Amino acid sequence: MKLIRGYYAYLAIAGGLLLGLVLQNNWMLQIVAYALISAGALSLQQVSRWFLRASITADVCIGFEVVCGPAVVPPGLFRMVLEYASLVPLLMVGCMLLMAFMAQMRDAGRGTGIEWVIFVVWSAGFILTLLMAPGWLNDMALSLTMTAVNTLTVLGYIALLADTFRAQKEYIRTEGEKP
């Protein structure tokens, strides 16, 4: 039963990541995506404490999505600040999931180089977005930065999604070997 629950928990995380990637502009489905990630990570808290932390941070992302929803905060500077601030917990969710995957791979005796590369790609997309928020870049630099942000964000989501399935495979292998 534990093996099946873990299998579906990883699928919930992967489904949330996929939904978050595909429907980035739909605030209601973003809430569903964060809820899937939170539920999946909470179900895996016995594997690593990083999953519990990722679940809590995904809940914070849900709070930001609700507050930044179209009916709560009107368009303006405050809403823009909240939208940029909401990128921080999203960055942290991915990083905490990667830390959980790294802990799981280390426990299984596997290398964690792939997770570190994904960590850099995932973080770079969000950090560049936060750095260009104040608006001090000229038009040429802004255009190049936007291209880099869009590329790194999509690559980060896809790599994190692929690593989720890698961690799921390792979870099934290690749980299947237990007596």
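This is a predicted model: local features need pLDDT of at least 70, side-chain atom pairs count only at pLDDT 80 or more; totals for chains, interfaces and linings use all residues.
The lining of the second largest pocket divides into three nonpolar, three polar and five charged residues.

**Second largest pocket**

- The residues that line this pocket include Lys 2, Gln 46 and Val 47.
- Also in its lining are Gln 104, Asp 107 and Ala 108, together with Glu 170, Tyr 171, Thr 174, Glu 175 and Lys 178.
- Two elements, α5 and α7, each give two or more residues to the lining of the second largest pocket.
- With four residues, α7 gives the most to that lining.

**Largest pocket: residues**

- A total of 26 residues line the largest pocket.
- Nearest the centre of the largest pocket lie Gln 24, Asn 25, Glu 83, Ser 86 and Leu 87.
- By class, the lining of the largest pocket consists of 14 nonpolar, nine polar and three charged residues.

**Largest pocket: elements**

- The elements that each supply two or more residues to the lining of the largest pocket are α2 (27-43), α3 (49-67), α4 (77-85), α5 (87-107), α6 (113-132) and α7 (139-177).
- Among these elements, α7 gives the most to the lining of the largest pocket, with five residues.

Note on methods. Residues are numbered from 1 along each chain as its sequence is written. Side-chain values use heavy atoms; hydrogens and water are left out. On a 1 Å grid over the protein atoms alone, a cavity is a set of points where a 1.4 Å probe fits but cannot get out, and a pocket is an open set with protein on both sides within 12 Å along at least five of seven lines; lining residues have an atom within 4 Å of a point. Ala, Val, Leu, Ile, Met, Phe, Trp, Tyr, Cys and Pro count as nonpolar, Asp, Glu, Lys and Arg as charged, and the others, Gly among them, as polar.
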